[in-house]
Amino acid sequence: MLRASSEHSGESYDLSLLLGAGEGDGGVPHGRLLVDLAEAALGQDDARLNDLRGKVLNRLGPEALVDAAGVIGLFNAIDRVADATGIPLEAEKAKISADYRAELGLDAFAAARE
């Protein structure tokens, strides 16, 4: 969806930022900060998470912090449910996402091989 919406809007995003390989914000305002927050939310370092929550709160405001937390939680839950139930990637989605899955190395994850 991000790729389709960026093509529609004429904007471009550097998805390698999601894997720690990109520079700057990846074409998304405050992208690096939001990626860092997502990684910290899924990690074990509470001090880092508290620091990043404070940064998002101070730079983007309370509404953005709540939105970011909601998106992080939702995506984490969707992935866990899909992995736990063994939902396969539909053939059409596999076809249209093949190039960026290869670019990001997503097929190397265990769930992608099943």
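1. Which residues make up the largest nonpolar core? There are nine of them: Leu 33, Leu 37, Ala 40, Leu 49, Leu 52, Val 56, Leu 65, Ala 68 and Ile 72. A nonpolar core here is a set of buried Ala, Val, Leu, Ile, Met, Phe, Trp, Tyr and Cys residues joined through side-chain atoms within 4.5 Å. Helix H2 (31-41), H3 and H4 each supply at least two residues of this core. As background, nonpolar side chains in soluble globular proteins tend to be buried together.

2. A word on what you're looking at: this is a predicted model, in which local features need pLDDT of at least 70 and side-chain atom pairs count only at pLDDT 80 or more, while totals for chains, interfaces and linings use all residues. Residues are numbered from 1 along each chain as its sequence is written, and side-chain values use heavy atoms, with hydrogens and water left out.

3. Now the overall picture. Helices (H or I, at least four residues) and strands (E, at least two) are DSSP runs, numbered from the N terminus. The C-alpha trace spans about 45 × 35 × 25 Å along its principal axes. Of the 114 residues, 18% count as buried; buried means under 20% relative accessible area, exposed over 50%, and partly exposed in between (1.4 Å probe, protein chains only).

4. On contacts, meaning heavy atoms within 4.5 Å: take those in the protein with a separation of 6 or more, and residues 24 or more positions apart account for 27% of them.

5. Have a look at H2 next. Its buried residues are Gly 31, Leu 33, Val 35, Asp 36, Leu 37 and Ala 40, and what covers them includes H3 and H4. Ala 40, also one of the core residues, touches Arg 48, Leu 49 and Leu 52, not counting residues up to four places away in sequence.

6. How do H3 and H4 pack? Two packed helices are described by the angle between their axes and the distance between the axes. Helix H3 (residues 46-60) and helix H4 (residues 62-85) meet at about 135°, their axes 7 Å apart, which makes H3 oblique to H4. The axes are lines fitted to C-alpha atoms, for helices over the stretch in contact, and angles run from 0 to 180 degrees between N-to-C directions. Angles under 35 degrees count as roughly parallel, over 145 as roughly antiparallel, 65 to 115 as roughly perpendicular and the rest as oblique.

7. Who does the touching there? On the H3 side, Arg 53, Val 56, Leu 57 and Leu 60; on the H4 side, Pro 62, Ala 64 and Leu 65. Those residues divide into six nonpolar, no polar and one charged. For that count, Ala, Val, Leu, Ile, Met, Phe, Trp, Tyr, Cys and Pro are nonpolar, Asp, Glu, Lys and Arg are charged, and the others, Gly among them, are polar.

8. Salt bridges: a search of the whole structure finds five, each being a side-chain nitrogen of Lys or Arg within 4 Å of a carboxyl oxygen of Asp or Glu. Asp 36 takes part in a bridge with Arg 32, with the closest N and O atoms 3.9 Å apart. These two are four residues apart in helix H2, so about one helical turn separates them. Asp 36 is buried at 18% relative accessibility, whereas Arg 32 is partly exposed at 24%.

9. Asp 36 also bridges to Arg 48, again with closest N and O atoms 3.9 Å apart. This pair links distant parts of the chain, with Asp 36 in helix H2 and Arg 48 in helix H3, 12 residues apart. Arg 48 is partly exposed, with a relative accessible area of 33%.

10. Over to helix H5 (residues 91-104), where Arg 101 sits. Arg 101 forms a salt bridge with Asp 107, the closest N and O atoms being 2.6 Å apart. Arg 101 is buried, with a relative accessible area of 16%, while Asp 107 is partly exposed at 36%. As for networks, salt bridges that share partners join Arg 32, Asp 36 and Arg 48 into one. Leaving aside neighbours within four places in sequence, Arg 101 is in contact with Leu 89, Ala 94, Leu 106 and Asp 107.

11. Last one: is Ser 97 buried or exposed? Ser 97, in helix H5, counts as buried at 6% relative accessibility. Ser 97 and Arg 53 are 44 residues apart in sequence and 32 Å apart in space, C-alpha to C-alpha.
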